Amino acid sequence: MRMIIKGGRIVDPGRIDAVGDILIDNGRISDIRFHESGKQASGAPSSVDSYADPQKTADRIIDASGWYVVPGLIDMHVHLRDPGQEYKETIETGIQAAAAGGFTAVCCMPNTRPVNDSRQTTEYIIHTAKRLQSVHVYPIGAISRESKGLELSEFGELKEAGAIAVSDDGQPVSDSQLMRRALEYAKGVGIRVISHCEDTALSHGVMNEGFTATRLGLAGIPNAAESIMVMRDIALAELTGSLVHIAHVSTRESVHAIREAKKIGIPVTAETAPHYFTLTDESVAAYNTNAKMNPPLRSPEDRQAVIEGLADGAIDVIATDHAPHSVLEKDLEFDAAANGIIGLETSLPLGLRLVAEGALSFALLIQKMSKNPANILGLTNDIKTGASADLTLIDPSRVHIYCVANGYSKSKNSPFDGWKFKGAAMCTIVGGRVVYEM
Amino acid sequence: MMWNRKHILDMDSLSVAEITAIIDTADGLKEISERAIKKVPTLRGKTVVLFFHEPSTRTRVSFDIAAKRLSADAISISASSSSLVKGETLIDTARNLEAMKPDVIVIRHSSAGAPLLLSQKVSTPIINAGDGMHAHPSQALLDMMTVREVKGRLDGLRVAIVGDISHSRVARSNIIGFTRMGADVRLAGPPTMMPAGIEALGASVTYDFDEAIDGVDVIMMLRIQKERQQRFLFPTEREYSRRYGLTLERLKKAKPDVMIMHPGPLNRGVEISPDAADSAGSVILNQVTNGVALRMALLYLVAGGPRNADDH
């Protein structure tokens with residue numbers, strides 16, 4: 001099988017930004033030919049004569065003119081609900097949504113039923129995903145057994161089985177000693193620790209603490225419920241010398257703490273989600289349960305700080321925290337509704353809004369959605385000869401209206417239903433296979 | 001005025017004209033409760049469901065009596081006797097109630113926004129009888145009725161609301177209602193009981209009780225829920241009553257004709273001393289009496305009093 005992606009603007013942040021053709025043979029990039037002397041970093045191949053007339057021998061030619069061709073997007077924070085809550089999402093529907101959103105890889109959090117704290121569950125996820133021959137799925141194992149925060153799960157076995165990181169996402173590690181030992185032990189195993197930062201003594205609420213919560217009579221969650229634990233984890237990263245990755249940053253205080261920690265060399269990385277740089281707590285308006293998530297949507301100042309954190313490098317990654325819930329969990333009183341929204345199919349368009357607003361360059365967006373997650377997780381994700389052809393083709397001018405009812409995710413809990421977007425993933429390629437085409 | 005609002009969900013949605021119309025109607029209906037035979041046929045053949053998902057005595061009985069004085073059939077459902085305990089969702093329970101063709105559903109619920117949710121899911125008029133910390137419009141309206149009855153107006157009055165503002169739907173609804181009617185509202189209580197951004201509702205905030213009641217026309221004391229002590233909101237009832245309890249001694253600093261109000265139930269000796277609660281300026285029982293008239297007015301207006309058949 002030979003494929004050519006023709007005439008796209010190839011953007012591999014820090015390495016390539018030039019118009020060219022990518023030749024794919026048997027799932028791997030076999031050659032890259034640039035059309036003219038575009039700027040490119042050293043080491044990037046440019047071989048005009050390396051293949052004679054590929055158009056005659058290709059099985060498929062994709063005309064990518066006017067499009068970007070980027071290293072496959074990676075969402076390092078999703079919930080696939082499988083095993084155990086397949087009525088919300090399955091590995092199959094989740095990765096279809098991922099492919100449609102331009103993602104070539106996702107990392108799935110361990111809060112399944114049972115909790116993924118074992119080789120069996122990790123292998124089930126990996127084997128199920130492999131059978132589907134689509135987007136790569138990298139399971140994240142639990143930090144503690146059943147994510148109960150009492151004893152460490154077996155990081156060594158989880159890693160052998162294929163887990164790419166550990167996290168008790170959704171169940172914050174309240175015990176500082178457990179977090180300390182998790183970071184230390186993970187260093188020996190060589191596995192990344194991802195922390196959901198929340199002080200549960202402070203977080204007895206259902207939305208951001210502020211005027212909107214006061215007006216609606218809903219219990220508020222203060223920013224400090226997050227930032228206290230971000231600062232604790234920074235202190236523990238410094239103590240242990242083990243890198244901690246902070247999940248779903250939502251507050252200005254967290255952004256500030258991470259930025260300052262990085263300045264003095266503490267090993268910390270961080271992600272935020274598209275809803276935190278797009279929406280504020282005013283979206284809860286009339287008790288909209290599709291604006292209920294944890295951490296909650298924050299103030300306009302927090303939203304702005306998150307955008308600045310993305311721009312200046314305090315925040316490394318955009319990840320969706322894709323959290324499918326059915327109407328059973330969402331069509332309820334606000335207090336009773338579950339936290340979380342789906343995000344795989346809206347992440348890239350929302351990121352492109354930041355580019356359109358001038359907050360980020362396109363290359364920096366791809367850095368946050370592809371290169372940085374790969375680096376943090378120890379994956380390679382370069383557009384280069386010999387590499388697996390994991391590519392996302394993006395039309396930056398494609399105007400479309402997101403209709404959640406037509407989405408691929410099994411769940412429909414999105415606050416972005418009906419939003420008009422400019423820019424979309426047109427084609428997602430994993431290992432040389434087209435897994436999604438608009 | 002022609003009444004054309006279907007639901008009574010919160011104070012925010014009511015205009016000055018609507019608030020005035022409700023209180024005017026209640027003033028007119030109040031006399032019925034003074035009669036030997038306390039019943040008029042106005043809502044005969046109408047069914048009022050009192051759907052109380054949270055414990056309540058005063059408000060439920062008040063709505064029940066109001067419905068009966070208008071000859072409506074009132075049916076009470078509490079959380080423990082409803083299918084909610086069998087795992088049915090709120091929406092399903094409400095849809096089942098609606099299938100039995102009631103004319104009004106009065107709902108009390110522990111979750112803010114539950115009455116709004118119901119109003120979106122069923123076509124029956126909904127009256128909010130208190131939802132979480134959000135709103136308690138019938139209480140605010142009866143409070144305004146009581147003040148207007150004594151003072152002859154609401155515009156230009158100064159009202160102090162004292163206590164746990166943070167957890168109080170009564171406070172929120174009164175802040176919105178009184179300020180909308182032109183009154184000046186000031187709030188007092190410990191900072192632990194002041195919700196974020198409350199000033200944006202149009203009230204001023206002080207932590208000093210004496211400052212709050214200086215020169216006001218109305219002092220509204222809120223009930224202290226004793227279980228809140230466990231959430232570190234105040235150290236002891238003793239200290240709370242010393243700093244924020246209304247006593248005759250403190251009342252000396254207020255205007256001689258100040259009105260003393262309380263939504264009940266009273267914690268005598270905590271937020272209000274017994275002699276202050278029973279003093280000349282106290283209208284606490286007038287509030288309860290007016291509550292029946294005010295709720296008669298709400299039922300009358302939404303259950304097809306002057307409203308036309310078209311439901312907007």
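Helix 3 (residues 90-99) of chain B packs against helix 4 (residues 114-121) of chain B at an angle of about 55°, the two axes lying 10 Å apart. Helix 3 of chain B is therefore oblique to helix 4 of chain B. The crossing in which helix 3 of chain B passes helix 4 of chain B is right-handed. These values, like those below, come from a predicted model. On the side of helix 3 of chain B, the contact is made by B:Leu90, B:Ile91, B:Ala94 and B:Arg95, which meet B:Ala114, B:Leu117, B:Leu118 and B:Lys121 in helix 4 of chain B. Classified by residue type, this contact between helix 3 and helix 4 of chain B comprises six nonpolar residues and two charged residues, with no polar residues.

Chain B also contains an open sheet of five strands, arranged in the order 7-6-5-8-9 with parallel pairing. From one strand to the next, the twist averages 20°. Strand 5 (residues 158-162) of chain B pairs with strand 6 (residues 184-188) of chain B in the parallel sense, over five bridges. In this pairing, B:Arg158 stands opposite B:Asp184 of strand 6 of chain B.

In chain A, strand 6 (residues 68-71) is joined to strand 1 (residues 2-12) by two bridges, and these two strands run parallel. Strand 6 of chain A is also joined to strand 17 (residues 391-401) of chain A, here by four bridges and in the antiparallel sense. Strands of a sheet pair through backbone hydrogen bonds, in either a parallel or an antiparallel manner. A:Val69 in strand 6 of chain A takes part in both pairings: A:Ile10 stands opposite A:Val69, and A:Val69 in turn stands opposite A:Leu393 in strand 17 of chain A.

The two chains meet through 17 residues of chain A, which are in contact with 23 residues of chain B. About 1,500 Å² of area is buried between chain A and chain B, and carbon and sulfur atoms give 62% of that area. Of the area that chain A buries against chain B, 37% is supplied by A:Phe211, A:Thr214 and A:Glu333, more than by any other three residues.

Conventions: Residues numbered from 1 in each chain as written. Chains lettered and ligands numbered in written order. Predicted model: local features only at pLDDT ≥ 70, side-chain atom pairs only at ≥ 80, totals over all residues. Heavy atoms only, no water. Axes fitted to C-alpha atoms, helices over the stretch in contact; angles between N-to-C directions. Parallel < 35°, antiparallel > 145°, perpendicular 65-115°, else oblique. Left-handed = near helix turned anticlockwise from the far one by under 90°. Contact = heavy atoms within 4.5 Å. Nonpolar A, V, L, I, M, F, W, Y, C, P; charged D, E, K, R; others polar. Pairing = 2+ DSSP bridges. Buried area = accessible area lost by both parts, 1.4 Å probe.
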